[in-house]
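This report describes the fold, packing and selected residues of one protein chain. The sequence and the structure are shown first.

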Amino acid sequence: MGFGRSGAFSAASPREMDGSGEKTFVLPRIPWPYYAILLFMGFVAADDVNVPRAVLLVLSAAVFYALLQKTLVRPVYGLVALAAFIPYSKAIAGNMGGLIPGMNYTTVLTLITLVGFFSNSKKIEKYEALPLEASFRRLLLLFCGIVAISVLHTDISGSGMTFFTALVDYKRWFDPLMVFFLTSYLVQEEEDAKMILYMMAFTLVVIGFGTYWQRHELDNRSHYVRLTGLAGQANTMGAFYANYAFVMIGYLVMKGMKRIRRSLFFIGIVGCLLGLSATQSRGDALGFVGGMMVFFLLRSRLQFVIYVSAVVFIAYNPQYLPGGLKQRVERTVQQQSGDGLDKKTQLDASARTRLALWKGAIRMIEENPVMGVGYKMFQTYIFSYVDHNEETAGLELKGRDGHNAYLMIGAEMGIPALLVFLSILVFMFRIAWRSYRASPDLYWKTISIVALCSITSLVITNMFGSRVFSLVLTGYLWMLLAILLKMPRWAERRALQKSEKAPGLDAPARILPSFSRLAAGAGDPVSGFLHPYSGRIARRDVES
């Protein structure tokens with residue numbers, strides 16, 4: 001199963017397949033205990049199994065000791081384990097009842113990975129960061145500095161917390177970015193990257209299977225309840241499904257995958273889509289629709305037109321939507337009393353609440369444009385900024401989340417922080433797009449498409465929620481971006497290896513024609529903004 005001939009990347013194109021006709025997917029060599037532990041976590045989380053603390057301690061100690069031994073030999077095994085655990089970091093936190101503040105399974109896995117890295121630091125071949133990679137790191141460090149000032153100022157001065165408590169609070173916020181920096185510095189080889197990406201995809205399949213059981217449990221209840229899942233909250237879980245279903249879709253369309261494995265991915269995708277429907281989150285469903293629009297746009301113009309037509313049809317006929325999502329969409333606009341032309345309509349309570357909160361957030365930004373009201377202080381102050389009139393009467397507006405990541409960042413940390421955050425989103429698109437343009441084969445082209453879809457979904461879902469710096473929701477995306485920043489180096493290295501086999505070529509000319517055109521910006525309508533990497537990088541790698 002591959003991409004259509006009319007698409008931007010065709011499975012039948014020999015050039016896209018690196019000239020050898022080789023299959024896109026090759027199963028990475030991941031030790032079987034990883035899969036066994038992943039299945040165990042999936043069972044515990046899906047069925048909400050309460051494991052006794054003593055048993056959990058013994059199992060954790062045994063697993064972490066074995067992982068440390070593997071990581072001391074090959075540091076990437078720590079990152080593979082972290083990739084398997086990230087979606088479960090809230091459902092199976094492993095904080096042992098809070099005996100040590102800030103210490104949980106995520107922290108332990110991070111420490112194990114770092115120990116493996118430093119113990120192998122002399123063996124690991126190091127490369128100079130690519131230009132875009134270095135720029136993105138600096139931008140993230142700038143944002144981390146702005147948030148650190150806000151967190152420490154708010155927690156210590158505003159809330160009277162200790163420095164240690166403020167540090168733990170900041171560490172929780174920093175966890176997703178920590179995943180990026182770990183992956184960025186530790187992953188240097190293409191084989192390691194493919195191991196991490198496949199573990200991400202297989203973890204999502206396990207979550208999809210678990211969703212079937214969770215849906216079954218909800219269906220057996222006397223009244224309908226929204227699915228909260230691993231994230232513990234319906235809207236947040238909906239964003240998870242919307243952002244990461246594309247990872248499984250990407251692997252599903254790869255050539256070379258056995259039928260049984262492809263069937264597992266298909267079942268996992270269906271499970272996640274059923275989960276998205278069961279969360280009844282309209283904003284998250286819209287995010288998935290936007291991501292799929294990017295997917296079809298880059299795959300096939302014909303399929304894109306068909307998809308857009310289907311979306312328009314559903315928009316005008318919401319009765320065809322599945323289950324609870326249909327009810328939520330149909331209730332968005334409600335009829336009020338009145339007859340004939342005098343009949344009035346209004347938004348449902350949820351939509352009116354969000355509009356009131358957004359207006360209040362804008363006022364908050366206007367009054368505190370530079371520093372904001374303080375980290376995590378939005379809920380404390382929002383009630384004094386919202387309108388109190390007939391339209392908001394009866395709405396619960398005290399202590400509410402802003403339901404918009406952009407307004408929340410601007411209100412809590414000021415306009416400068418918001419501008420830096422928007423720049424980060426632009427960089428995300430640049431990274432994925434440049435990776436797509438420079439992809440040496442269908443595998444990396446597909447992974448780049450997956451990243452573009454996930455980023456699009458992230459941008460949309462965060463218009464309706466504040467979920468951008470949640471480890472469960474964005475950990476995978478940060479890993480994916482860190483890997484794609486390395487891909488152009490692997491592409492050029494592969495091009496040099498192929499050209500060295502061809503006689504009569506001078507060293508400076510040993511770059512595939514496709515990459516030479518990319519370096520010059522030929523055929524790229526946006527080359528001034530998204531110019532691909534220069535061939536100088538590959539030559540520097542060879543010389544080093």
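Leaving aside its neighbours within four places in sequence, with which residues is M428 in contact? Contact here means heavy atoms within 4.5 Å. With those neighbours set aside, M428 touches F136, I455, L458, L477, W478 and L481.

The model is predicted: local features need pLDDT of at least 70, side-chain atom pairs count only at pLDDT 80 or more, and totals for chains, interfaces and linings use all residues. Residues are numbered from 1 along each chain as its sequence is written, and side-chain values use heavy atoms, with hydrogens and water left out.

**Overall fold and cores**

The secondary structure of the protein consists of 22 helices and 2 strands. Helices (H or I, at least four residues) and strands (E, at least two) are DSSP runs, numbered from the N terminus. Of the 544 residues, 53% count as buried; buried means under 20% relative accessible area, exposed over 50%, and partly exposed in between, with a 1.4 Å probe and protein chains only. Among contacts in the protein with a separation of 6 or more, 75% are accounted for by residues 24 or more positions apart.

In soluble globular proteins, nonpolar side chains tend to be buried together. A nonpolar core is a set of buried Ala, Val, Leu, Ile, Met, Phe, Trp, Tyr and Cys residues joined through side-chain atoms within 4.5 Å. The largest such core holds 137 residues, of which Y88, F136, I196, Y251, M428, W444 and W478 touch the most other members. Helix α7 gives the most to this core, with 14 residues. Another core, of 17 residues, lies apart from it and has W358, V373, Y385 and L397 among its members.

**Two helix pairs**

Two packed helices are described by the angle between their axes and the distance between the axes. Axes are lines fitted to C-alpha atoms, for helices over the stretch in contact, and angles run from 0 to 180 degrees between N-to-C directions.

Helix α1 (residues 32-47) packs against helix α7 (residues 190-219) at an angle of about 30°, and their axes are 9 Å apart. The two helices are therefore roughly parallel to each other, a term for angles under 35 degrees, with over 145 counting as roughly antiparallel, 65 to 115 as roughly perpendicular and the rest as oblique. α1 passes α7 in a right-handed crossing. A crossing is left-handed if the near helix is turned anticlockwise from the far one by less than a right angle, and right-handed if clockwise. On the α1 side, the contact includes Y34, Y35, L38 and L39, and on the α7 side Y198, M199, F202 and W213 are among the residues involved. By class, this contact has 11 nonpolar, 4 polar and 1 charged residues. Ala, Val, Leu, Ile, Met, Phe, Trp, Tyr, Cys and Pro count as nonpolar, Asp, Glu, Lys and Arg as charged, and the others, Gly among them, as polar.

The axes of helix α4 (residues 105-119) and helix α6 (residues 163-186) come within 12 Å and cross at roughly 25°. That angle makes α4 roughly parallel to α6. The crossing of α4 past α6 is left-handed. T106, T107, T110, T113, L114 and F117 of α4 meet K171, M178, L182, Y185 and L186 of α6, a set that divides into 6 nonpolar, 4 polar and 1 charged.

**Buried helix residues**

| Residue | Helix | Relative accessible area |
|---|---|---|
| L79 | α3 (residues 76-85) | 0% |
| T353 | α13 | 6% |
| T461 | α17 (residues 442-461) | 1% |

L79 is in contact with T113, L182, T183, L186, V187, I196 and M479. Its C-alpha atom is separated by 8.1 Å from that of T110, 31 residues apart along the chain. T353 is in contact with L395, E396, L397 and R400. T461 contacts A239, A242, N243, G283, D284, G287 and R467. The C-alpha atoms of T461 and F288, 173 residues apart along the chain, are separated by 8.5 Å.

**Positive phi in two loops**

Most residues other than glycine have a negative phi, and most peptide bonds are trans. Q280, although not a glycine, has a positive phi of about 60°. Q280 sits in the loop between α9 (259-279) and α10 (282-299) and is buried, with a relative accessible area of 5%. K376 likewise is not a glycine and has a positive phi of about 60°. K376 occupies the loop between α13 (349-367) and α14 (378-381) and counts as exposed, at 52% relative accessibility.
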